[in-house]
Amino acid sequence: MKFLSQMNRLSRRRLRNVTLTVASIAMLAAIVMWMDRSLLHSSFLTGYVLIGSLFLLAAFGMRKRLPMIAGIGSASFWMQMHIYVGLGSFAVFAMHIAFRVPDGMLESILALLYLVVFFSGIYGIWATRSIPRKLTSVGEEVIFERIPAFKRHLARRAQTIVMESCESTPVLANFYVNRLSKFFECRRGLGYMLIPTGRKRRHLIAEIEELDRFLAQEDRRVSRELAIMVRKKDDLDYHTAMQGRLKLWLFVHIAITWSLLIFSVVHGLLAHAYGGGLA
Amino acid sequence: MENSTRIKFPARWSEPLDPDMDARAVDGLLKVAPFTAMNPESFSESMPLSGILKNDSRLQQLEKGDIIVREGDYGGSAFLIVSGEALVSTRSLPPEVLGRGNKERKGWGRAIAQLWRNSNQTEARDYSKTKTPNQDTGTGLRDHSSGTHVFLHDIPRVIPPEHSITLGEGEIFGEISALTRSARSATVVANSKMVVLEIRWQGFRELMLRNEAMGQHIEKRYRENSLQAHLRETEIFRDLPDDVIRKLADRTIFQTFGNYQWSHKFKSTLKKDISQRILNEPLIAEQGDYVDGLVLIRNGFARLSRKHGEGHQTIAYLGKGDTFGFREVVHNWATGQQRPWMLSLRSLGFVDVLKIPVTVLEELVLPQLRESSFPAPLPDLAGDGKARNRRLTPRAKSMEPGLMEFLVENRFINGTQAMMIDLDRCTRCDDCVRACASTHDNNPRFVRHGPVHDHWMIANACMHCLDPVCMIGCPTGAIGRDRETGNVAINDTTCIGCSTCANNCPYHNIQMVQVNDNRGNPIRDSETSLPVIKATKCDLCLEQPFGPACQRACPHDALVRIDISSPDDVMEWTEK
């Protein structure tokens, strides 16, 4: 037990939750095996456990909307339950479909919906663990809703300092028109939003640095400021892509969950209508 | 050097307490007790008695019923009755009389009802059902030249004679809380038309120093009451008998370091280089100097630092109740050596300390202590510098140095309920902000943004500080500590929107908002027609059944309300 005391709080929690989940699945599997051997319909049992799990998982969304009654458990507790009940539900799902590919139309759609929700959940676990670290490493913290305003401010500022430098040389102005205006004023493409990289930023900064030899001392100060602004804009784009991804993922995960719940209820009703009850 | 900005260095009396205090008023004061008995020659030339009265004091003309100080308030002033009489209430008055809200926790029904009862308008208020100061509470508001005062309509009903003490001309009150920067222990009300001289803490201290009788009187009162209790609460002295505690209290030296109004200059100080900032902090004890006593922190915070190359590295921070130097004192007593201070102790903003001289400790304390309560002996100073430094550092678990510096430099160590966010776990989902809004009529009371060190953010949410500078100067007592929880809360009804608290808060955690009715129209003052402004901030969900919604709404264990004044709490959270 010494290793338990050496673990931190979150590791101890993880170990406890995994143990509970595995034990619950093992118990259910044992009951299902016993029912099958006794020629009972275990699919009703697994079906009820599965639909119960789905409603419990969906209830997390309701808990989020009721922060004022936190007595029903903290969101952190619900999140843990959501993760482990969700993971456990896959085993229940496998038992429910008897480890075979469903053949009916409704069953196939239902299975597909479940798998999409399940794997989007798995992706969510990974994304919510990895994306925050990536965002933190950017350095600047920014609230998602404020990003467009910051971008507009940067675009205006870039345009202003370039205009001011026009009097001495058109080099920066030309560069701005040809290379930077689109970068500052337009949204990044789908490719960047899916896999954001620093390639564009590196290229633009390298090009700005190459301009230095054509610029007077005063204009070099402007070009350095432009380079800083390119970095800032790229950081904002990165935040847009990564924070946006987290928000989009959650939207998709929830939207499909509702479809899954509706189809599950229909499936349950049909099963009872044509299956002859629990026996 | 040629291009550097030049300013006039602020002097002690750059900002008088009352700019209207003139020579005539000062002359008048010099003719009344206790100033008549004071010898002007005992005051220094740079700080004459007349200068103290002119710059550190102000006269308040009060009407019968005016509340002069409220129990629980913070303030940096003592009061002298020039004419008239005042009543001290010996029992606590109801919060509504003191201008504070009496917020009760909501039950489940009312908590759930917020789902549909929350207004769609920002900062909507419905004052039709709220008691104003004139209704039921038996209080009202009165404007004086010194500011707005809350007054009692019916003094005997609120403060019955059997629960009051009368103070007359020449008597002083409020000095202990002003000198110790602690909450006022009682409410004092004008019992007749009266003139009160408010004396700023700095000036009052000077009067005590220069006038022996006054100094002795105040000090005796403090030593008899607060100091003995403070010493008894100190771990080292816990087992000492009462007579030893009394003797210790008699021989304890009071010292104050730093600026009482540290919060005013805090932001500008932050712009300076950290090495320079540390060097500018008043030294309480310097590494390498002769050990002359045990230091007890009575109020405020101090930085424990160690010389590191050409600079100073922060090792820890000490707050109220902490001690410094016991290890050295015991080591020198036990071994007969004369080892100097191992670390430096500097004032962070403002700190009030008690010093017990080594000779007193050797006579009264050390012989009575059990060997088991002795601290670990000091290490041998031989060896290379790196190994020596390691040994000199306190052995207990220590915080990551960068995080320590961050918390100290930004004075987050003042926060007892600071909002700390682990950005490596925070998905920026804003569930915390939504939860806050849901529990505050759709108005979030914090901003999920703030200074960041590594992956730790201290968000802009009220920290419910140990030293709540926001509470100093509130004219109506609208901001105060909740009696049960100690959290700082604003009573929306009695807030007059003067912005004193928001301007005082060095962390920008109080916002002034314009309030609207439920249709979104601005609520206006019935006399001036000006929009009504109110101060708002995090109240730690005082009314909610289950405490702070923000923390309980975070699904990723990224957000915590934490007592940063306790380094152990911070380490426990950061090492989760």
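Analyst: Chain B has 18 helices and 24 strands (DSSP runs, H or I of at least four residues for helices, E of at least two for strands, numbered from the N terminus). This is a predicted model: local features need pLDDT of at least 70, side-chain atom pairs pLDDT 80 or more, while totals for chains, interfaces and linings use all residues. Residues count from 1 along each chain as written, chains are lettered from A and ligands numbered from 1 in written order, and side-chain values use heavy atoms, without hydrogens or water.

The C-alpha atoms of chain B fill a box of roughly 75 × 70 × 60 Å along the principal axes. A compact globule of 576 residues would have a radius of gyration near 25 Å; chain B has 26 Å, which agrees (C-alpha atoms; the rule is 2.2 Å times the number of residues to the power 0.38). In chain B, 54% of the 576 residues are buried, meaning under 20% relative accessible area with a 1.4 Å probe, protein chains only. Of its contacts (heavy atoms within 4.5 Å) with a separation of 6 or more, 76% join residues 24 or more positions apart.

Now the helix pair, in chain A. The axes of α6(A) (residues 147–165) and α10(A) (residues 217–275) come within 10 Å and cross at roughly 165 degrees. The two helices are therefore roughly antiparallel (over 145 degrees). Their crossing is left-handed. From α6(A), the contact residues include A:Phe150, A:Leu154 and A:Ile161. α10(A) contributes A:Val222, A:Leu226, A:Met229 and A:Leu236, among others. By class, this contact has ten nonpolar, three polar and seven charged residues.

How values were computed:
Axes are lines fitted to C-alpha atoms, for helices over the stretch in contact, and angles run from 0 to 180 degrees between N-to-C directions. Angles under 35 degrees count as roughly parallel, over 145 as roughly antiparallel, 65 to 115 as roughly perpendicular and the rest as oblique. A crossing is left-handed if the near helix is turned anticlockwise from the far one by less than a right angle, and right-handed if clockwise. Ala, Val, Leu, Ile, Met, Phe, Trp, Tyr, Cys and Pro count as nonpolar, Asp, Glu, Lys and Arg as charged, and the others, Gly among them, as polar. Buried means under 20% relative accessible area, exposed over 50%, partly exposed in between (1.4 Å probe, protein chains only).
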